[in-house]
Amino acid sequence: MRILAFYIFQNESENLYALLKDYTSAETYYYDIVCYLDRILYAPVKLQLAYRQSLRDKFFDFLNFEDGFIKVVEENLNREKILDDLIEKKRRN
């Protein structure tokens, strides 16, 4: 899981989609890795962010990340628009 957490924070979604496809095409694989990739890629945006944060919280010390080192790339369709809408909604409430 630590290597998966590192990979998630170092790669864009296209690479994660490719990893999930390649990984599940193998004869055997670990289901928990498939679940985490699925959560990161296909969950609603708020949950994706929460899953990323949980990975970061869980493995931050082990991977010795610094805030400036981690670059979380949030793309996928019009994610920026979705995030902006969520922020605006939160400001209104």
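Predicted model: local features only at pLDDT ≥ 70, side-chain atom pairs only at ≥ 80, totals over all residues.
Colleague: What is leucine 19 in contact with, leaving aside its neighbours within four places in sequence?

Modeller: Leu4, Tyr7 and Leu37.

Colleague: OK, on to the helices. How do α2 and α3 cross?

Modeller: Their axes come within 10 Å and cross at roughly 145 degrees. The crossing of α2 past α3 is left-handed.

Colleague: Which residues make that contact?

Modeller: From α2 you have Ser13, Leu16, Tyr17, Leu19, Leu20, Tyr23 and Thr24. On the α3 side they are Ile33, Val34, Leu37, Ile40, Leu41 and Tyr42.

Colleague: How many of those are nonpolar, polar or charged?

Modeller: The contact of α2 with α3 has 11 nonpolar residues, 2 polar ones and no charged ones.

Colleague: Switching to rings now. How many aromatic pairs are there?

Modeller: The count comes to 2. One of them is tyrosine 17 with tyrosine 42, 5.6 Å centre to centre, with 65 degrees between the planes.

Colleague: What kind of pair does that make tyrosine 17 and tyrosine 42?

Modeller: Edge-to-face, because planes over 60 degrees apart count that way.

Colleague: Which parts does that pair tie together?

Modeller: Tyrosine 17 lies in α2 (residues 13-24) and tyrosine 42 in α3 (residues 31-42), so the pair links parts that are 25 residues apart in sequence.

Colleague: And what about tyrosine 23 and tyrosine 29?

Modeller: Their ring centres are 5.7 Å apart and the planes are at 55 degrees, so that pair is tilted.

Colleague: What are the relative accessibilities of those two?

Modeller: Tyrosine 23 has 21% and counts as partly exposed. Tyrosine 29 is partly exposed as well, at 40%. Going back to tyrosine 17, its value is 27%, so tyrosine 17 also counts as partly exposed.

Colleague: Last topic, charges over rings. Where does the charged end of arginine 39 sit?

Modeller: Over the ring of tyrosine 51, 5.3 Å from its centre. Arginine 39 also lies over the face of tyrosine 36, at 5.3 Å from that ring centre.

Terms used: Residues numbered from 1 in each chain as written. Heavy atoms only, no water. Phe/Tyr/Trp six-rings, centres within 6.5 Å; stacked < 30°, edge-to-face > 60°. Helix = DSSP H or I, 4+ residues; strand = E, 2+ residues; numbered from the N terminus. Buried < 20%, exposed > 50% of the residue type's maximum accessible area, 1.4 Å probe, protein only. Lys NZ or Arg CZ within 6 Å of the ring centre and 35° of its normal. Axes fitted to C-alpha atoms, helices over the stretch in contact; angles between N-to-C directions. Left-handed = near helix turned anticlockwise from the far one by under 90°. Contact = heavy atoms within 4.5 Å. Nonpolar A, V, L, I, M, F, W, Y, C, P; charged D, E, K, R; others polar.
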